[in-house]
Each structure stands twice: as structure tokens, then as C-alpha cells.
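Colleague: Can you walk me through this model? I'd like the packing and pairing in plain words.

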Amino acid sequence: MTDDAENALLVAMKGVTKRFTGVVANEDVDFDVRPGEVHALLGENGAGKSTLMNILYGLYHPDEGTITIRGVAKNFSSPRDAIAAGIGMVHQHFMLIPSQKVWENMILGLDDIPAILPRNEIVRRITDLSEQYGLRVDPMANVWQLSIGEQQRVAILQMLFRKANILILDEPTAVLTPQEAERLFKTISQMTSEGHGVVFISHKLDEVMRITDRVTILRKGHVAGRVDTKSTSREQLAEMMMGERVPFSISKPAIEPGNRVLEAERITVLGDRGFPAVNRLTLDIREHEILGLAGVAGNGQQELCEALSGLRKLESGNVVLDGAAISGLAPRTFIDRGIRYIPADRKGTGLVPNMNVEENSILKKYWSHPVARGYLIDWKHVFEFARSLVSRYSVSTPSLYTPVRNLSGGNLQKLMLGRELSDSPRVVIAMHPTWGLDVSATRFVREQLLEERKNGAAVLLVSEDLDELLALSDRLAVICKGELMGIIGDPSAVTLETIGLMMAGTPVESIANPTGGLEQCG
Amino acid sequence: MRIGSRPSSGFLSWTIEKRLDAPRRLQFAIPAFSLVAALVTGAVFLALMGVSPFEAYSAMFRAAFGDGYGISETLVKAIPLSMAAIAVMLCFTMLVYNIGAEGQIFMGAIASAAVVRYFPVDNAPAMLLMMAAAAGIAGGVWAAMAGYLRARWNVNEIISTLMLNYIAIHLMDYFVYGPWRDPASLGFPMTAPFPDAARLPLLFGTRIHMGLFAAVFLAILFLVLIRYTRWGYEIRVLGENPKAAGFAGINYVRNVILVMFISGAIAGIAGMCEVSGLQGRLQHGFSAGYGFTAIIVAWLSRLNPIAILFVSVLIGALLVGGETLQIVMRLPLSSTLILQGLILFFVLGGEIFRTYRIRFRREDA
């Protein structure tokens, strides 16, 4: 490449290598961003995408390799340096202060702020930027009151406010509704039309195909390929990601559902802030059935799952297992009766990050025989159990004594899934079980859920991935603001538009021509 | 408003990076290096006071380990330290910050003295058992009060246990200055000497008492409890991730109160050992701040009960050596406390290198 072409690049990373103790996260990676392009970074979990972008954002320092920004060699020692060079990153978990207002969040981490904050000036700039990029948000709103989609707009605004013209978006659509995702894509195209460069990290191949110009695929820390989006296909990208062909379709044998296993009868549940998060909701799940639950994040799914697994008190209503009310019983009784919950927050709720694989494997059974013998834990037995769990659910870990905080997202999920599913549960409540996982781990998780369905479990699957819900669910419930918008009896025959309308708050009975067989509820 | 950047700060710059996992050799190298760094810093401080650090350190070492008497004095101090450290270790394992071991020691001492005063028995084992039971209950209840407040109303246990310390210390002063003062004490704030039946047997003809066995027994007991029992597992999960504990149906409220009670009971029994084994009476200022120093011991031991035994001996030696500094080198007591503080400061500060590393590099421009 000539010097001129080099200087025209916004970002040029060359020969970047980064090792952690015993692990090569990136090896000899080249990556660049041209002005006005969307460059997708694709790869399985643990392929090194986050490490590479954290290096570009100044969070890590590369062991080898160079970073050039607009032709100038740079050596970032912190995100501040990267920000000063015009790089902005929107993480999956937004770096916002929930208790502060939108405008206050804009100046987070900036130097040279006058002692008396120039609020009006800040608000005016927010308004200008909002209009320019279609990022509608109220500068005076408290961040905690905003929806996830709005918070993401604030996070993007924060970067634009710092005059970032190289924007790294880490799985931005994972938390958005289809409609919100559309708006984000418009914002992205506005940015690129002004010559900004966007790095788009995603697992969703459809989006990558639709909105990006080039795709770089990482595999095991190496660049596995770089293609122009125009001249590639979903299948080719998937192949490059995995190194082998993994078919996209998943076979779901037809099984006649059995008896009702778990029922929620007009349950009302309060959220953490004391307002009803689930409102007089009724649903049931049967044997050999996966009930999908669709909804925009934060519409009561979490509270519903917690109520159904005994972790959250009901304000009113009943949870019934096999015909007997169980609401009000201790959480452990729910576990002992075979209700298993796979929470979305793996490290925060489902696992104990500082404890090792072995210790985490018995979190749901340490009190019962044969793991426990009297008051003692039989660690020899635990070792055998953990070893079989790890091999049966193909958890890749250096040893059973590795703290689980060091496992990758996919392996964390396999470990947790194995723990929850290993002793034939009656009910499985799975919240975002494939969130953030790579293609093969995702496939594995889905197969396990189908396996439980085959074995007779009643499965509640909460997901934001509509394709996943449509492919796995026997029936699909849609929730909005804690209320059930309806249950679709034949998910394969429904249109995405109908689901989108329901997610946005339209009850199924008010939709003029909802395609597909419908079953009313509530 | 300008958007600024950090000015380039010279030729060599450094960043702090997270380690993925601490190499095993660092587990020992870091605390050892921290200890050396503390002693070196202490040496500078001793030199500033006009004392030869080498002389001071070797005098301290000889005083603590040089002869039978020194060793026995070191162990005498290590006994209450290790018991109190086991007490706070249990709480810290669950991330409940009981810093009230000192008060619980005092409550245990008061209760055992009360038993001696009001229910004297002539049978030594019976007398000692009654004293230990009373001390355990008194210390346990004292701590469990803070535990209950924490569990029920989320009252910060650091504040409540700290405050309860002062109440306990002054409560004891009330008794030894007032109703329980020995008329024959010539006005000193102390009770009458305990009868022989209320004295813990001494060992090897030294001042070391049976509390030594109690300390070793408790260390082994809690090692087993924490590592091998269901309850120990629950405590660890509660400490590491309370959310995951709730998810597994582990009862937080009950365990906070229980852990605080047990912790207070151990500290209370440490207090009983101190008055029954060493002092033979209840007297003003009988504890040299063991309940506070125990916090240091527990942290330095990384909450390992067996390590607590060894670290207690080390700190006990430091206390004995410190007394020598006062006598031989004519340094104030506070100089010992400064040395202790330095050690804690460096060892806890060194922890950062377990999870982070510093990377130096040349600045390009």
C-alpha cells in the first residue's frame, strides 16, 4: 500500500499481537478502517474481537504491532488517549451513570471542563447532534429512566460529543427491537456519509450483510479472512468464522405436548423500584413444550422468570406446579421440585466468578445426596461430577480448579446449562441463553433445550433473538410493559411485523390481519 | 469548552493492566516482598529517629525468639490474636465486616468474671466450662446484635460493631472501677484474683496457657468447616456472590446472624482465655488491642485459618519486640504501632500486583 493510501485510512493496525498468561488473544492481526465505511468485525466468542478493539480503545497495550491513526503512529496508554485521537467505543454494557442526567453524562471523562458546568451549551450541542444523527433523546432526562435503546443513543451521543469520528459498536443491536435497530442503522449511515468510520461487532450475519462495507473475520486470534460485503454471503461468513460448515437450520421433531406443568395465574410482581413489573399475567407451559417469550428488554421478562423460579415474591396471583400452588415457598423448594432457571446475567447471578469450575458445578445441589453426605460435602464425588459435566457439555477449561471468571462466555454458559439441566428438570426457565455466544455454542445451547423438550420438560425461553424464538418455540408469548399481548399458537406462520407490533404494545386481538393461527390469552 | 488529552509525561510512561490470572509463584513472592519493603521503610524511619535499624531489628528478633522466655511471651500474645483473627476471618469470608472483635473479647471477659463472682464452683473443669459458655454467649450476642441490625435493616455492621466496642470497653471499666473492684487492690481498677479453679492451666512452666490448644483446635475446626461442609460452602458463596447465593436458595439473613454470633463467641472465649489463663482477674486495659490487630492478621493470612496461626506468632513477635524497643532503645510504643501499620500498608497494597501488573514503556513522541 502506498503512503498516500495509508494516510487516507482512519485506522491502521498492523501486526498486532496480544498475549495473556498462557493465551494468545491476538496474533499478527492487521485491521484498518477507511473513511465512510462500516467495517464489520466478526468472530466467535474468544476469537479476539474484544481484545483487538480494547487495544484500539487504549484499554490494553499490544505486545507487538503498531497503531496508526490518520497516518500518525500512536501509542495509547489509556482510553483518554484514544478518545483524544477521535476513537469512541460503545460497549455492550453502556458506560453511563444511571443516576445522572443525559447532559451530565456527556462530559464524563472529559478534561478541561470549566468548574461551573456550561449546561446550556452542553444541552444545545446535544440537541444539534441529536438532530444531525437522528438520535432523539431528552438531554434533561435521568439516564436510569431511559429504555435500553435510549441509553444506547446516549452512549453514542457521548462519543460524538467527544468528536469521535471512528466509532466502535460492540454488538449494538443485541438489546434493540427491530424498529430500534432500524433507527440505529440510519444513524450509522448518517455517520458514514460524513466520512466517519464505524467498526461494527456483531454475531448477526443478516445485519452484517445488510449494513457493512467490509468484513474482517477473526478466528482464534488470527485474521481468518477479509472480504467485501458485496461479494460474500452469510454462508461464506459463517464458514470463515467457524472454519467448518455448521448448518443453520435446527431440526425440531414434532412432539405432542403433554400435561400442563407450570402455570402462572394472574400474577403481579413488583420490580426493584417497587412498581409492578408483571401485571396480572397468565400463562402455562406444558410437558414437551417450549414456550417462547418475546419482548423488548426490560418489559418484565426478568421479573417474570424470577417469580416463576421462586426468587421474587408475588404481589398477587399464583404459581402452580403440576396442579399444586407453590408460590410463597422457599426458593430451595422450587429447586428441589425440579424448576431450573438459567439467568441472563451469568457471572452476576448464575455463577460465582471467583470460585472454580468444581465449586460452581454444585451450586444447585450441594445440599442433597450424594454431593452432600450429612453436613459434609463429598469433594471426591464433586470432582467426578464436575468432570462428567465438563465433558458432557463440552466446557473447555484448563482445569476443574480454574476460577470460572477466566472462562469465555460460551464456556460459562455451557457450564451453567450443564449444571441446571444435568438432573432432568421438570421446568427449565432460560433467559437469553444464547446471548453473546458464538455460532457453535449457540447451536449447542439450542440443541440442549430441544433435548429437554424431548425428555418431557416444560421450557420457557426468553430471548431477544426472534429467529431463535421462531425456530424453537412451540408457542410464542409476547410481553409488553409486564402484560401479555397474546400467545401465538403457531409461531412458524406469524409475520415479524405482527410480533413487532405486539412487542410495541398492541394486543394480538387488535391486530387487523395477524397471519397465522392465534390463541387469545389474558 | 475544550476536549483535552493528557499531556505526554516524559520519556518513560507506564500503564496498569489487569492480569488474567496471577502466577502461582507470586502467591508467596508478593507478601514476602511486601514484608521486606515494609521493614526497609521502617528502617528509614528508625534511622530518622536516630536508632540503628539493624540494631533495632536484631534486638526485636532476639527479644521475640532469642530464648525460652521470649518465645513464650510471643506465643502468649499470639493466642488471643489468633483466636480473634479466626473470629473475624469467618465474618470476612462472608464479606461481613465485623471489626468489633475487641468489644466481643471484652464482653467475654466480663461474662467469665461474672460467673467467677456469682457462681463460683470448686471443680476446675466445671468452672472453666461455665466461664467459657458464658463468655461465648456474651461475645456472640454482642456481635449478633450488629448482625441482626445488618440483616433486618441493612445497618452498616462496620459502624455498629465499632461502636459496640466502646460500649463494651467502658462497660468493663464500670465494673472494675465500681462494683467489682477488689478492696485489696489498693485502688487499682481490677477485680479480686480468680480462685484456682477458674484459672486455665499453664503449660511447660511458662505463662503459656491452655488457650494455645484452643487456638490450634479452632484453626483446624474452621479450616474443615469452611472447606468441607455445606455450611462453609454457603458462607463462601454468600461472600463471593450474594446474588448467586440467593439464586441457590441460600438464606442471607439467617447466615449473617449466625456467622456474627459464632464470630463473637470465638472472640468472647479469647477474652475469657486472656483473663482466666493470663491475668487471673479482670482488669482495666487487659487487651492490647488484640481485636483490632486481629483484623490485620486475618487479612495477612488471606483468610486461611492455618496461616492465621503463623501470622499471629509473627505479629506477636512484633509486639514483644516492640516492647523491647521501648525498654532497650527508649523508643515510644507508637514506633511499634507504626511498624505494624507499615506492614499492613505494604502487604495490602501489594495485593494490587496479584490482579494487575505495571507495564513500562518508552514514549514515542
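Modeller: Helices (H or I, at least four residues) and strands (E, at least two) are DSSP runs numbered from the N terminus. This is a predicted model, with pLDDT of at least 70 needed for local features and 80 or more for side-chain atom pairs, while totals for chains, interfaces and linings use all residues. Residues are numbered from 1 along each chain as its sequence is written, and chains are lettered from A and ligands numbered from 1 in the order in which they are written.

Colleague: OK, at what angle do H5 and H6 of chain B pack?

Modeller: About 150°, with the axes of H5(B) (124-153) and H6(B) (157-177) 9 Å apart. H5(B) and H6(B) are therefore roughly antiparallel (angles under 35 degrees count as roughly parallel, over 145 as roughly antiparallel, 65 to 115 as roughly perpendicular and the rest as oblique).

Colleague: Which residues make the contact of H5(B) with H6(B)?

Modeller: On H5(B), they include Trp142(B), Ala146(B) and Arg150(B); on H6(B), Glu157(B) and Leu164(B) are among them. Contact here asks for C-beta atoms, placed from the backbone, within 7 Å. By class there are 6 nonpolar, 3 polar and 2 charged residues. Ala, Val, Leu, Ile, Met, Phe, Trp, Tyr, Cys and Pro count as nonpolar, Asp, Glu, Lys and Arg as charged, and the others, Gly among them, as polar.

Colleague: What about H3 and H11 of chain B?

Modeller: H3(B) (68-93) and H11(B) (290-300) pack at about 60°, axes 8 Å apart, and this crossing is right-handed. Residues of H3(B) including Leu81(B), Val88(B) and Phe92(B) meet a set in H11(B) that includes Tyr290(B), Ile295(B) and Val297(B). That contact divides into 12 nonpolar, 2 polar and no charged residues.

Colleague: Switching to chain A, how is it divided?

Modeller: Into domain 1 (3-242) and domain 2 (260-338 + 425-519), with bounds from an automatic or database domain assignment. Their C-alpha centres lie 33 Å apart.

Colleague: And in what order do the strands of the 6-stranded open sheet come?

Modeller: S6-S7-S8-S3-S9-S10 in chain A, with mixed pairing; two strands pair if DSSP finds at least two bridges between them. S6(A) (87-90) and S10(A) (222-228) stand at the edges with a single partner strand each, so one side of each lacks a neighbour in the sheet. Neighbouring strands are turned by 20° against each other on average, direction ignored.

Colleague: How many bridges join S9(A) to S10(A)?

Modeller: 6, with the two strands antiparallel; Ile217(A), for one, has Gly225(A) as its bridge partner in S10(A). As for helix H7(A) (178-193), it lies across S3(A), S7(A) and S8(A), running at about 145° to S8(A).

Colleague: Which strands form a hairpin with 2 residues between them?

Modeller: S4(A) and S5(A), and Arg70(A) in the turn has a positive phi of about 50°. These strands run antiparallel, joined by 3 bridges.

Colleague: Where's the cis peptide bond?

Modeller: Between His369(A) and Pro370(A), with omega about 0°. Pro370(A) sits in the loop between H13(A) (357-361) and S17(A) (372-373).

Methods: Axes are lines fitted to C-alpha atoms, for helices over the stretch in contact, and angles run from 0 to 180 degrees between N-to-C directions. Two residues are in contact if their C-beta atoms, placed from the backbone, lie within 7 Å. A crossing is left-handed if the near helix is turned anticlockwise from the far one by less than a right angle, and right-handed if clockwise.
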